[in-house]
Amino acid sequence: MGATGAAEPLQSVLWVKQQRCAVSLEPARALLRWWRSPGPGAGAPGADACCVPVSEIIAVEETDVHGKHQGSGKWQKMEKPYAFTVHCVKRARRHRWKWAQVTFWCPEEQLCHLWLQTLREMLEKLTSRPKHLLVFINPFGGKGQGKRIYERKVAPLFTLASITTDIIVTEHANQAKETLYEINIDKYDGIVSVGGDGMFSEVLHGLIGRTQRSAGVDQNHPRAVLVPSSLRIGIIPAGSTDCVCYSTVGTSDAETSALHIVVGDSLAMDVSSVHHNSTLLRYSVSLLGYGFYGDIIKDSEKKRWLGLARYDFSGLKTFLSHHCYEGTVSFLPAQHTVGSPRDRKPCRAGCFVCRQSKQQLEEEQKKALYGLEAAEDVEEWQVVCGKFLAINATNMSCACRRSPRGLSPAAHLGDGSSDLILIRKCSRFNFLRFLIRHTNQQDQFDFTFVEVYRVKKFQFTSKHMEDEDSDLKEGGKKRFGHICSSHPSCCCTVSNSSWNCDGEVLHSPAIEVRVHCQLVRLFARGIEENPKPDSHS
């Protein structure tokens with residue numbers, strides 16, 4: 001056995017699953033390791049050595065040896081065995097995390113207590129872990145399993161990690177948002193949303209709105225500098241799509257998300273504000289879609305009685321309708337970002353692009369503070385006019401089970417930009433080809449009718465709105481046709497779509513959108529790069 005001080009390595013010969021193992025705890029590396037050691041002494045770790053970072057240990061408990069069955073053989077050598085169990089994270093396939101337990105058997109009670117004390121002292125130093133959480137459960141979202149999922153998969157982990165909770169089961173829409181405006185949230189270490197993307201959006205709006213009100217910031221001002229909240233949001237997926245959870249964790253698995261909350265992970269994420277006539281309409285973190293996706297969500301709202309099948313029905317109906325919409329998109333390119341929408345470099349845990357882009361954006365803001373011109377006054381806005389089947393703006397990949405790579409595979413969570421995707425008028429067959437590419441590995445932007453830009457701000461005005469403005473200005477002059485940039489003289493159908501804002505309908509066709517870099521933080525760490533499944537055998 002090595003030195004007993006908490007700051008120095010601790011090493012002992014213990015038993016794991018009836019095998020003699022050398023076990024070491026290295027405070028400097030915050031790592032617990034063990035490996036088989038059949039011979040005398042500890043020996044050197046081999047290829048079968050197991051390890052667990054202390055940051056991924058959930059809890060350490062003294063094991064009730066009297067309640068365990070003690071087999072024959074090696075156990076007979078210990079007259080009074082003592083044991084402690086380490087509850088930890090185990091990585092499984094497809095970015096899933098599992099709750100694992102490893103029991104270590106000690107020949108002496110003093111040695112057992114030494115290990116317990118040392119591990120618990122190290123866990124106490126992990127200050128990023130939440131102690132008290134406010135939990136909102138939507139019992140109606142998805143398949144109506146939110147309450148059951150929380151009780152079976154989440155609550156036991158929170159109890160194990162000594163996390164106390166205040167639970168609110170919502171009874172009506174916007175209850176979570178209203179509650180966050182009313183109650184004292186300073187006593188909590190975070191807010192947990194149990195439900196789908198709609199439930200998360202409620203919590204998001206409540207937390208951002210409450211934070212701006214406390215800071216005296218007018219959310220209705222399109223150029224207001226929003227204040228980040230100190231509280232993190234945890235997402236327990238229990239909805240139909242769970243896009244935000246899938247794009248930030250890599251899976252929509254409740255146990256995985258609960259473990260990210262328990263270990264205190266933190267991930268900063270961009271939020272877009274959507275304004276119309278100096279009035280805040282909504283915030284968006286995933287998809288802001290006009291045309292195809294706007295028509296789907298608007299039509300599906302009329303068919304809620306179909307359940308989840310309404311999205312497939314409305315999707316097919318919208319595809320067959322093949323409506324296109326004429327308008328003008330103006331945008332400010334995100335010059336501060338170090339990536340591009342087609343560089344095939346997805347956002348991953350510890351993302352360099354997000355970190356570097358935020359630094360460069362802060363440099364731009366410093367120049368504005370010191371009296372230099374603001375970047376958006378120096379840069380030129382770009383303008384695109386035409387007829388569009390769809391206009392999509394994504395702050396993240398928007399990946400989900402049906403589309404594992406998402407609408408924009410290289411979109412980044414915290415780089416202060418949004419990927420603006422313009423799908424111009426094309427044949428149904430070509431549009432179908434474009435949609436199919438969301439389900440495979442091919443480049444979905446490799447079409448002549450698709451354009452993609454990385455932006456930090458954009459505006460959209462439909463042709464119908466432009467014509468109304470023109471009528472007012474011209475004082476009732478009679479006009480004989482609409483002028484279209486791609487067709488010098490043609491009669492264009494005047495119609496408007498709606499905006500799909502993270503699954504909610506926005507009826508205003510004219511909007512102004514601005515990305516706020518890393519405005520909120522989640523209990524997540526981003527999608528890990530090809531993690532190998534753990535073996536705690």
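This is a predicted model: local features need pLDDT of at least 70, side-chain atom pairs count only at pLDDT 80 or more; totals for chains, interfaces and linings use all residues.

**Helix packing and strand pairing**

Q: What is the hand of the crossing of α7 and α8?
A: The crossing of α7 and α8 is right-handed.

Q: Which residues of α7 and α8 meet?
A: From α7 come Phe292, Asp295, Ile296, Ile297, Asp299 and Ser300, and from α8 come Arg310, Tyr311, Ser314, Gly315, Lys317, Thr318 and Phe319. By class, this contact of α7 with α8 has five nonpolar, four polar and four charged residues.

Q: What makes α8 and α11 oblique to each other?
A: The axes of helix α8 (residues 309-321) and helix α11 (residues 428-436) come within 10 Å and cross at roughly 140°. Roughly antiparallel would need an angle over 145 degrees, so α8 and α11 are oblique.

Q: Which residues make the contact of α8 with α11?
A: Phe319, Leu320 and Ser321 of α8 touch Arg428, Phe431, Leu432 and Leu435 of α11. The residues of this contact divide into five nonpolar, one polar and one charged.

Q: Why is α2 called roughly parallel to α6?
A: The axes of helix α2 (residues 146-160) and helix α6 (residues 254-262) cross at roughly 30° and come within 9 Å. Angles under 35 degrees count as roughly parallel, which means that α2 is roughly parallel to α6. The crossing of α2 and α6 is right-handed.

Q: What makes the contact of α2 with α6?
A: On α2 the residues are Ile149, Lys153, Val154, Leu157 and Phe158, and on α6 they are Ala254, Glu255, Ala258, Leu259, Ile261 and Val262. Nine of the contact residues are nonpolar, none is polar and two are charged.

Q: How do you know that β8 and β9 are paired?
A: Pairing needs at least two bridges. Six bridges join strand β8 (residues 132-137) to strand β9 (residues 164-169), and the two strands run parallel. One of the bridges has His132 with Thr164 of β9 as its partner.

Q: Which hand does the β-α-β unit of β8, α2 and β9 have?
A: The unit made by β8, α2 and β9 is right-handed.

Note on methods
Residues are numbered from 1 along each chain as its sequence is written. Side-chain values use heavy atoms; hydrogens and water are left out. Axes are lines fitted to C-alpha atoms, for helices over the stretch in contact, and angles run from 0 to 180 degrees between N-to-C directions. Helices (H or I, at least four residues) and strands (E, at least two) are DSSP runs, numbered from the N terminus. Angles under 35 degrees count as roughly parallel, over 145 as roughly antiparallel, 65 to 115 as roughly perpendicular and the rest as oblique. A crossing is left-handed if the near helix is turned anticlockwise from the far one by less than a right angle, and right-handed if clockwise. Contact means heavy atoms within 4.5 Å. Ala, Val, Leu, Ile, Met, Phe, Trp, Tyr, Cys and Pro count as nonpolar, Asp, Glu, Lys and Arg as charged, and the others, Gly among them, as polar. A crossover is right-handed if, with the strands pointing away from the viewer, the path from the first strand over the helix to the second runs clockwise.
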